[in-house]
Amino acid sequence: MVEQRAGRRRTRRATLAMSLATLGLLLSGCSLQTDNKWWNQTINFGFPTGITPEGTAIREFWTGTAITSLIVGFFVWGLIFWTMAFHRKKKNDNGEFPRQTAYNVPLELIYTAVPFVIISVLFYFTVITQNKVLDLKPEDEVDVRVDVTAFQWNWKFGYNKVQVNDRMYIEDGTNEEATRQAEEAGVLSDEERAARGQEGKPAAGGPIHGRLAEDKSYLHYNTMETVGTSEEVPVLVLPTNSRIEFRLASADVIHSFWIPEFIFKRDVMPQPGRNQQLSMFQIEEIEREGAFVGRCAEMCGVYHAMMNFELRAVSPEDFERYIQFRQDNPTASNAEALQEIGQAPYATSTSPFKTGRSDTRDQNNIIETASGN
Ligand SMILES: [Cu+2]
């Protein structure tokens with residue numbers, strides 16, 4: 001009897017030790033990151049810190065989900081270890097099995113109902129978070145609209161609307177001339193139609209909704225644009241404290257617009273016309289000034305890995321000066337405008353790559369730039 005009790009105590013201790021070890025292992029996965037809320041500092045379970053309210057919502061959802069999973073996990077592990085430790089009866093001396101407890105209807109109902117409740121709660125919070133992240137506010141609540149054009153292998157950013165501190169700088173930034181040219185280029189001229197034997201047929205006569213494959217009129221063209229080159233990483237300058245809308249379109253294949261600090265990425269599609277909702281998103285605001293790297297997150301060809309850009313978040317006041325300078329000096333470069341407001345003229349979060357094939361073969365394919373810091 002005494003021996004049996006000691007054995008039981010030993011099993012109980014072993015169970016406790018095992019549980020503590022598991023807990024330690026799980027908690028060591030947590031990382032410390034800067035955030036104003038203490039619970040996010042300590043328990044974000046390795047999730048990165050975003051710079052938008054949407055990013056924070058996703059992170060908090062993640063933290064809640066991780067905690068829920070741990071609670072469920074510990075409950076299940078507890079039951080398993082408890083069963084293992086205290087219900088190890090074997091056949092008795094008469095060769096009889098211990099009392100069997102299968103087909104316990106109330107128990108089966110409970111463990112069917114409880115998981116259903118758990119997934120219902122998780123589903124509820126998933127929908128709440130998703131609605132916040134994908135929320136599109138009406139036109140008059142959008143402060144800045146950026147047209148993002150992805151192409152192999154770089155980015156173009158156009159300012160379509162800019163309203164900062166209740167002042168309208170750009171109401172409709174569309175470049176009418178460029179738009180008209182793109183529309184014309186997408187339709188065959190009379191001579192070309194004759195050459196293809198398409199006289200008398202309906203206009204255009206191309207394969208994509210009746211238009212040519214070369215037709216790029218679905219893209220957005222703006223008067224004020226920032227275009228990346230192989231030598232210069234495009235720097236997208238945006239203000240903090242402003243609602244920003246991104247309209248995405250690709251000039252060729254599918255790309256993906258990703259600023260890791262947004263905790264959000266979205267595919268950039270060619271011909272996105274029929275899915276307008278899917279080719280745009282908004283952020284409530286950028287909460288922090290700084291330089292943040294942006295990347296293409298959809299394998300899009302040979303130089304996909306080099307398709308970087310930079311988001312430079314500045315104060316609304318600096319942004320006003322930046323826009324004013326570019327309006328007053330339409331031929332000035334983006335670097336000059338950045339310098340004008342006391343910012344580093346070139347990207348600081350990433351470097352351009354050499355794009356020549358022979359250059360990229362030697363591991364050393366980063367070009368040193370004269371970046372500001
Ligand atoms: Cu790409």
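Reader: What should I keep in mind about the model and its numbering?
Author: The model is predicted, so local features need pLDDT of at least 70 and side-chain atom pairs count only at pLDDT 80 or more, while totals for chains, interfaces and linings use all residues. Residues are numbered from 1 along each chain as its sequence is written.

Reader: How many helices and strands does the chain have, and what makes a stretch count as one?
Author: The chain has 9 helices and 11 strands. Helices (H or I, at least four residues) and strands (E, at least two) are DSSP runs, numbered from the N terminus.

Reader: Which residues does Ile51 touch, and what makes a contact?
Author: Two residues are in contact if their C-beta atoms, placed from the backbone, lie within 7 Å. Leaving aside residues up to four places away in sequence, Ile51 touches Glu261, Ile286, Glu287, Arg288 and Phe292. Ile51 and Glu285 are 234 residues apart in sequence, yet 8.3 Å apart in space, C-alpha to C-alpha.

Reader: Tyr103 and Ile263 both interest me; what is said of the phi of each?
Author: Tyr103 has a positive phi of about 55° although it is not a glycine, and Ile263 also has a positive phi of about 55° without being a glycine. Tyr103 is in the loop between H3 and H4, and Ile263 is in the loop between strand S7 (255-259) and strand S8 (264-268).

Reader: How do you know whether Tyr103 is buried or exposed, and what about Ile263?
Author: Tyr103 has 7 other C-beta atoms within 10 Å, so it is exposed. Ile263 has 21 other C-beta atoms within 10 Å, so it is buried.

Reader: What class does Pro316 fall into, and why?
Author: Pro316 has 16 other C-beta atoms within 10 Å, so it is partly exposed. Pro316 is found in helix H7 (residues 316-328). Beyond residues up to four places away in sequence, Pro316 touches Val164, Asn165, Pro239, Thr240, Asn241 and Ser242. The C-alpha atoms of Pro316 and Asn165 are separated by 7.2 Å, though the two are 151 residues apart along the chain.

Reader: And what makes Val187 buried, exposed or partly exposed?
Author: Val187 has 18 C-beta neighbours inside 10 Å, so it counts as partly exposed. Val187 lies in the loop between helix H5 (176-185) and helix H6 (190-195).

Reader: Which residues have the most contacts inside the largest nonpolar core, and what makes it a core?
Author: A nonpolar core is a set of buried Ala, Val, Leu, Ile, Met, Phe, Trp, Tyr and Cys residues joined through C-beta atoms within 7 Å. The largest one has 53 residues, and those with the most contacts inside it are Val146, Val148, Leu236, Val237 and Leu238.

Reader: How do you know where this core lies relative to the domains?
Author: Domain 1 (2-90 + 100-133) and domain 2 (142-174 + 223-361) both give residues to this core, so it lies between them. The domain bounds come from an automatic or database domain assignment.

Terms used:
Buried ≥ 20, exposed ≤ 12 C-beta atoms within 10 Å, placed from the backbone.
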